[in-house]
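Biologist: Please put the model up. I would like to go through the ligand site, then a helix pair, then a strand residue.

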Amino acid sequence: MDSASRLGFDILGDTLDWPFFEERHRVFAAELSGWADSYLADLPHDDVDEACRARVAALGAAGFLTATVPAAYGGLSDRLDVRTLCLAREILAARDGLADFAFAMQGLGTGSISIAGPEDMKRRILPDVAAGKRIAAFALSEKEAGSDVAAMATTATPDGLSHVRIDGEKSWISNGGIADHYIVFARTGEAPGARGLTAFLVEADTPGLTIADRIEVIAPHPLATLRFEGCRVPLENRIGGPGEGFKVAMATLDIFRSTVGAAALGFARRALHETIAHANGRKLFGGTLGDLQLSQAAIAESAAEVDAAALLVYRAAWTKDRGAARVTREAALAKLVATENAQRVIDRAVQIHGGLGVTKGVKVEELYREIRALRIYEGASEVQKVVIARELLKAKN
Ligand SMILES: Cc1cc2nc3c(=O)[nH]c(=O)nc-3n(C[C@H](O)[C@H](O)[C@H](O)COP(=O)(O)OP(=O)(O)OC[C@H]3O[C@@H](n4cnc5c(N)ncnc54)[C@H](O)[C@@H]3O)c2cc1C
């Protein structure tokens, strides 16, 4: 385990004293922090598929995946509690990017079922996901339809009275290749563009579904392109009504977008932690790096950006948990600011570490690779800006 792997509860600073939180959040955060410090380092790290499966199984066995499904189906809270999801992602990301990813995908890969799935599907799928016995995935993006979801080309066409037939490809699908099921969004044509999409649960072993290729990214995670060729899916696997796929996807992202900000916050907190430790320990010019005022400026800027991100993330989570139907603006602000701030905080951490900062195996080098994709997926930063501006312009009309 490296120097700062036993981070304890302190890495969260005084966040949990903020009025956004209740005692149950403090208990959850303390338990997860203690568990993560004790067990994560011993899980496999080399083969990314094995590492991810091991994290899902371990988080499930320890009971923490219960935060990803509602209480009626083996979960922790009556409905998904966004503050708990955010705390979990922040705590895990500060220690192990893949553990955060494994946790997050169990939620993102079932959120649509929790929100809009039929009762028997909830009973069949969610308890196993909460126990870490079933790996979940969310398949919205395509090579030609990333930010522009309405350009989606994958189709689901009627096949007899009881099935649809799915044809097309989905790309950059997290957990692609190791998932037990995929929540797949496909064009069903009730209306043009985004209003003609429908969501389906597709079991990974459905004939006609294959892994077209595995995608390697700078911070290794299981990621793949899925190919659907005449893939027959029963109609009872539909999630939400026909033509409601875009609505289902956006309602799911409305919950999980703030949690991407929380993961970025965890990476940033760890980078600041490493920065301070290095600035205090590194001797140069007859003192320490931390004695130099330019290092102090970097530390102060990072501290301000971490706290600003935390306030926006937990404001969005708290607003959703209070019962807001949608938190489009708050979640977009949280994701935009937390991911952009984290990129700067981590870049400063690399700079403060000098040559060590770009050395393989050093934590800040890993963080530098981990943070990058968060500014792109679940809506790139530019998309978040468009969303925020539209919400504000709409409010003034
Ligand atoms: C590591 C990783 C994991 C992922 N996991 C999943 C997953 O599990 N499921 C899933 O469905 N998808 C997943 N994705 C896909 C991800 O959501 C898309 O990559 C993302 O939506 C961007 O789409 P794109 O890559 O096609 O880029 P494009 O849509 O081509 O956008 C390219 C760039 O254009 C800019 N841009 C976009 N829109 C605007 C605008 N309106 N104004 C100005 N500039 C703009 C942004 O800078 C953007 O990054 C993942 C991606 C990555 C990298």
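This is a predicted model: local features need pLDDT of at least 70, side-chain atom pairs count only at pLDDT 80 or more; totals for chains, interfaces and linings use all residues.

**Ligand shell, helix crossing and a strand residue**

Biologist: How many residues surround the ligand, and how many of the shell are nonpolar?

Modeller: The ligand is surrounded by 18 residues, the closest being Phe 138, Ser 141, Ser 147, Trp 172 and Glu 382. Of the shell, 4 are polar and 2 charged. The nonpolar count is 12.

Biologist: Which residue places a polar side-chain atom 2.6 Å from an oxygen atom of the ligand?

Modeller: Phe 138 uses a backbone N or O atom, 2.8 Å from a ligand nitrogen. Glu 382 does use its side chain, with an N or O atom 2.8 Å from a ligand oxygen. The 2.6 Å pair belongs to Ser 147.

Biologist: Now the helices. At roughly what angle do the axes of α2 and α4 cross, and with which hand?

Modeller: Helix α2 covers residues 48-61 and helix α4 covers 97-116. Their axes come within 9 Å and cross at roughly 65°. The crossing is right-handed.

Biologist: How many residues of the contact of α2 with α4 are nonpolar?

Modeller: From α2 come Val 48, Ala 51, Cys 52, Arg 55, Val 56 and Leu 59. From α4 come Leu 98, Ala 99, Phe 101, Ala 102, Phe 103 and Gln 106. The contact has 1 polar and 1 charged residue, and the nonpolar ones number 10.

Biologist: Which side chain makes a polar contact with the side chain of Glu 203?

Modeller: Glu 203 sits in strand β5 (residues 197-203). Beyond four places in sequence, Glu 203 touches Arg 124, Ile 125, Arg 134, Asp 180, His 181 and Leu 209. The polar side-chain contact, at 3.1 Å, is with Arg 134.

Methods. Residues are numbered from 1 along each chain as its sequence is written. Side-chain values use heavy atoms; hydrogens and water are left out. A residue is near a molecule or strand if one of its heavy atoms lies within 4 Å of it. A polar contact is a pair of N or O atoms within 3.5 Å; within protein, one must be able to donate a hydrogen and the other to accept it, and residues adjacent in sequence count only if both atoms are side-chain atoms. Ala, Val, Leu, Ile, Met, Phe, Trp, Tyr, Cys and Pro count as nonpolar, Asp, Glu, Lys and Arg as charged, and the others, Gly among them, as polar. Axes are lines fitted to C-alpha atoms, for helices over the stretch in contact, and angles run from 0 to 180 degrees between N-to-C directions. Helices (H or I, at least four residues) and strands (E, at least two) are DSSP runs, numbered from the N terminus. A crossing is left-handed if the near helix is turned anticlockwise from the far one by less than a right angle, and right-handed if clockwise. Contact means heavy atoms within 4.5 Å.
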